[in-house]
Amino acid sequence: MEIPFTKMHGLGNNYIYIDLFKFNLEEEMLPDIAIEVSNVNTGIGSDGLILIHPSNKADLGMRIFNKDGSEGQSCGNGLRCTAKYAYENGIIDKEIFRIETKANIVEASVVQEQGVVNEIKVDMGKPALRRADVPMMGGDDAQVVDEPFQVGDELLQVTAVSMGNPHAVFFVDDITKAPLYELGPAIEKDRRFPHGVNVEFIEKVTENELNFRVWERGSGITQACGTGACAAVVASVLNNYVKRNEEVVVHLQGGDLIIKWDENGHVWMTGGAEVIASGMYKFNSNS
Ligand SMILES: N[C@@H](CCC[C@H](N)C(=O)O)C(=O)O
């Protein structure tokens, strides 16, 4: 079967996008397609698969599958790329529109010049902070802020945030020494997170600037994670490292995002999105 695709990235966080306004895929094939297209040796190579689909609740919908075939509830970089694709390919014909995800419905605004989208701002909605909503096991149902977290021989301090998907945020003094490979895989699958977790290491640079590295649930190290950057700013506010209602520049491996957690509780994400290539993928179903 030949599948039309577009490969896009947001700060290097790259996915294969399939436009289900034009092409149909069987539900049961989706995890296998995600695994296969993500493979850099036998597929295209990506952090996963994103489907852009019709929605009866919003202007359009987006679904994200990680590299291992698991489905995530949201994807910040994917939402900006989806917004750019939808605008530039005539799926929508307005600058502000709503996108449904498995987690919630978000509002995206595109800044465009002559039909080409340069920047996308997304109202990502409100974070969920109660332990059960992350979800994280153990302890009472209050927020998980700077809580001791033992992993093997290491005693860390965790702040847990859901941006529709789960995030465990750890603050470090020097981002270049963040133990991504050493601890990322173990924390991602730690039994205290029953649905797994995205793992972020954050260094405060100034009152309005954070350094960021991520080990993503289902995909491992990626160059950027939009929901992770939102979670990092929420966690930094909760730990008094940055201020509520102020823009924070998050330096990810692939570039910068501007994030603000506003006084109404909404998290705003602003950044770019790029098209890499488009073509036809020959799906072999070998995985
Ligand atoms: N890269 C994404 C998040 C993708 C999903 C995540 N790995 C999960 O399983 O929750 C982003 O930009 O937010």
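Is Cys225 buried or exposed? Cys225 counts as buried, because it has 35 C-beta neighbours inside 10 Å. A residue is called buried if 20 or more other C-beta atoms lie within 10 Å of its own, exposed if 12 or fewer, and partly exposed in between, with C-beta atoms placed from the backbone. This is a predicted model, in which local features need pLDDT of at least 70, side-chain atom pairs count only at pLDDT 80 or more, and totals for chains, interfaces and linings use all residues. Residues are numbered from 1 along each chain as its sequence is written.

**Domains**

- The protein is divided into domain 1 (2-124 + 272-282) and domain 2 (131-265); such bounds come from an automatic or database domain assignment.
- The centres of domain 1 and domain 2, taken over C-alpha atoms, are separated by 24 Å.
- To the contact between them, domain 1 gives 22 residues and domain 2 gives 20 residues; two residues are in contact if their C-beta atoms, placed from the backbone, lie within 7 Å.
- On the side of domain 1 that touches domain 2, α2 provides the largest share, 4 residues.
- That side of domain 1 divides into 5 nonpolar, 13 polar and 4 charged residues. Here Ala, Val, Leu, Ile, Met, Phe, Trp, Tyr, Cys and Pro count as nonpolar, Asp, Glu, Lys and Arg as charged, and the others, Gly among them, as polar.

**Annotated cysteines**

- UniProt, in an unreviewed entry, places the feature "active site" at Cys75 and Cys225; annotations of this kind may be inferred rather than shown by experiment.
- These positions span 151 residues in sequence, yet no two of their C-alpha atoms are more than 7.5 Å apart, so they gather at one spot.
- Cys75 lies in the loop between β5 (71-72) and α2. Helices (H or I, at least four residues) and strands (E, at least two) are DSSP runs, numbered from the N terminus.
- Cys75 is buried because it has 31 C-beta neighbours inside 10 Å.
- Not counting residues up to four places away in sequence, Cys75 touches Ile50, Ile64, Gly226 and Thr227.
- Cys225 is found in the loop between β14 (220-221) and α4.
- Leaving aside neighbours within four places in sequence, the contacts of Cys225 include Asn13, Gly76 and Asn77.

**Ligand shell**

- The ligand is surrounded by 19 residues, and the closest are Gly72, Asn77, Asn165, Gly226 and Thr227; a residue is near a molecule if its C-beta atom, placed from the backbone, lies within 6 Å of it.
- At least two residues of the shell come from each of β4 (60-66), α2 (76-88) and α4 (226-238).
- Domain 1 and domain 2 each supply at least three residues of the shell.
- By type, the shell holds 3 nonpolar, 14 polar and 2 charged residues.

**Strand β2 and its partners**

- Of the 7 residues of β2, 6 are buried, so this strand is largely enclosed by the rest of the structure.
- β1 (residues 2-10) pairs with β2 in the antiparallel sense over 5 bridges; two strands pair if DSSP finds at least two bridges between them.
- In this pairing, His9 stands opposite Asn14 in β2.
- The hairpin of β1 and β2 has 2 residues between the strands, and Leu11 takes a positive phi near 55° there.
- β2 and β3 (residues 48-53) run parallel and are joined by 4 bridges, and Ile18 stands opposite Leu51 in β3.

**An exposed loop residue**

- Glu27 lies in the loop between β2 (13-19) and α1 (30-38).
- Glu27 is exposed, because it has 6 other C-beta atoms within 10 Å.
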